[in-house]
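The sequence and the structure are shown first.

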Amino acid sequence: MVIPVIDFSKLDGEDRHATMVQIANGCEEWGFFQLVNHGIPVELLQEVKRVCSEFYKMEREAKFKDSAPFKKLEDLMEGQDNGRNEVANGRDSVNKIDDMDWEDTIILLDNNEWPSKPHDFKYLSLSLSLSLSLSLSLYIYIYIYIYIYIYMRLTHTHKNKHISYQLFLTLICDRKIMEEFRKEKKKLAEKLTEIMDENLGLEKGYIRRAFGGDDKEGCRPFFGTKVSHYPPCPQPDLVNGLRAHTDAGGVILLFQDDQVPGLQILKDGQWIDVQPLENSIVVNTGDQIEVISNGRYKSVWHRVVALENGNRRSIASFYNPSASATIGPAPQLLKQKQVVEEAAYAANDHGFEYPKFVFGDYMGVYVKEKFSPKEPRFLAVGSM
């Protein structure tokens with residue numbers, strides 16, 4: 001089985017209806033699908049790969065060896081080699097690490113900037129050629145040169161020996177690339193919610209408004225990004241890249257590695273790969289979309305397997321409700337389901353009843369039960 005791949009550009013042509021049906025099928029039957037020709041410039045995607053890979057190599061790669069999962073795996077492997085693990089546990093097999101993941105992450109919230117780089121950049125080469133060829137190049141070009149002017153005025157005495165002209169340009173450029181990338185992903189997420197509205201028969205903007213909280217000033221859907229790397233693992237059978245779970249939020253957009261696999265979803269009781277596809281965006285629906293759609297759209301189990309070879313990159317962005325948003329099934333979809341349930345009453349097939357709850361309360365339950373089944377989470381928050 002292969003998850004659906006959808007040409008998003010066909011929404012604007014004569015194939016719009018067929019494309020809408022494909023997206024509906026991806027949400028209803030899979031909970032995951034891949035978009036190609038999604039509107040995010042390919043040149044920008046290439047630069048994002050460069051920025052994230054360079055940052056990981058310079059700032060994170062060496063430090064991962066001091067991380068808790070690395071040290072725990074070392075201890076487990078040492079216990080296996082010496083036979084201590086079997087004796088301690090009274091059995092012949094080695095325990096798998098089940099309380100942490102083989103993952104390095106950086107979290108960017110709504111207004112976070114891409115993190116600063118080290119002060120010493122004497123080994124870093126400046127890479128601007130592709131950046132200035134982007135479709136948004138004029139915007140970046142003007143932005144950079146404004147900052148060059150400010151920089152030159154502030155540092156003309158050359159007293160600060162730690163900050164180089166090259167470092168300054170690279171840092172500004174990298175931050176603008178990541179900022180532009182997140183803006184593009186957020187626009188795509190908002191467009192997808194409108195498509196879901198239409199496919200579900202809801203008023204345009206229903207999901208976005210439902211995610212916006214109590215409509216007070218400053219209440220709006222939350223948008224965050226997690227940049228992850230899954231380094232090569234010396235014994236991948238003993239640790240998870242990322243443990244199986246469903247996502248708590250709304251619409252998740254993933255720009256995954258196009259060379260190194262590892263992401264899998266659970267479909268019909270079978271784990272299947274989300275195939276690497278260059279320049280695609282993987283979309284999956286989270287728990288809140290399942291609730292709003294009254295179970296019509298699915299939030300599915302997925303995981304990342306650790307691999308012995310390859311350093312897998314993953315950039316996931318989450319378009320979620322605000323903490324104050326009250327989430328529940330759309331009233332129109334409740335009525336539709338009531339008709340179906342009445343017809344199926346004789347078969348005693350009523351399905352799961354989704355509660356209404358505040359998203360912030362749901363997150364309080366989720367952080368404790370992320371790797372457990374979602375239905376008890378719904379019931380727990382519904383009883384608050």
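## Charges over rings

A charge sits over a ring if NZ of Lys or CZ of Arg is within 6 Å of the ring centre and within 35 degrees of the ring normal. The charged end of Arg-303 is placed over the ring of Trp-271, at 4.2 Å from its centre, and Lys-267 lies over the face of Trp-30, 4.7 Å from the ring centre.

## Basis of the values

The model is predicted, with local features needing pLDDT of at least 70 and side-chain atom pairs counting only at pLDDT 80 or more, while totals for chains, interfaces and linings use all residues. Residues are numbered from 1 along each chain as its sequence is written, and side-chain values use heavy atoms, with hydrogens and water left out.

## Aromatic pairs

Rings of Phe, Tyr and Trp (its six-membered ring) pair if their centres lie within 6.5 Å, and planes under 30 degrees apart count as stacked, over 60 as edge-to-face and the rest as tilted. A search of the whole structure gives 10 aromatic pairs. Phe-357 and Tyr-362 are stacked because their ring centres are 5.3 Å apart and their planes stand at 20°.

Phe-357 also forms a stacked pair with Phe-378, at 6.4 Å centre to centre and 20° between the planes. Ring pairs link Tyr-354, Phe-357, Tyr-362, Tyr-366 and Phe-378 into a cluster.

## Burial

Buried means under 20% relative accessible area, exposed over 50% and partly exposed in between (1.4 Å probe, protein chains only). Phe-357 counts as buried at 4% relative accessibility, as does Tyr-362 at 0%, and both Phe-357 and Phe-378 are buried.
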